[in-house]
Amino acid sequence: MTKCGIPWSNNRYMTAAVGQNSPYQCGQTIKVKNMANQRVVLVTVVDQVPNYPDNKINLHKKSF
């Protein structure tokens, strides 16, 4: 189980982790755009990681 209490498999694995001090909160939906091909995915924040950079997100491999 994640720190947010939401499983990684939530939202068909369209999930992400953020830093503990990130402006993004548990359960929040974030729009992520791939600048190489312009594709956009919506992911749900399911975990908050201590000492992870506040300006980065860690996408689940299926959403990546």
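In strand E4, isoleucine 57 is the bridge partner of valine 18. E4 (residues 57–59) runs antiparallel to E1, with three bridges between the two. On E1 there is also strand E3 (residues 40–49), parallel this time and joined by five bridges; here glycine 19 sits opposite valine 49. Strands are DSSP runs of at least two residues, numbered from the N terminus, and two of them pair if DSSP finds at least two bridges between them.

This is a predicted model, with local features needing pLDDT of at least 70 and side-chain atom pairs pLDDT 80 or more, while totals for chains, interfaces and linings use all residues. Numbering starts from 1 along each chain as its sequence is written, and side-chain values use heavy atoms, leaving out hydrogens and water.

Why is E1 largely enclosed by the rest of the structure? Five of the five residues in E1 (residues 15–19) are buried, so the strand is largely enclosed; buried means under 20% relative accessible area with a 1.4 Å probe, protein chains only.

The largest nonpolar core has seven residues: Ala16, Val18, Ile30, Val32, Val43, Val45 and Leu59. Leaving aside residues up to four places away in sequence, leucine 59 touches Thr15, Ala16, Val32, Val43 and Phe64, where contact means heavy atoms within 4.5 Å.

Key: Buried < 20%, exposed > 50% of the residue type's maximum accessible area, 1.4 Å probe, protein only. Helix = DSSP H or I, 4+ residues; strand = E, 2+ residues; numbered from the N terminus. Core = buried A, V, L, I, M, F, W, Y, C linked by side-chain atoms within 4.5 Å.
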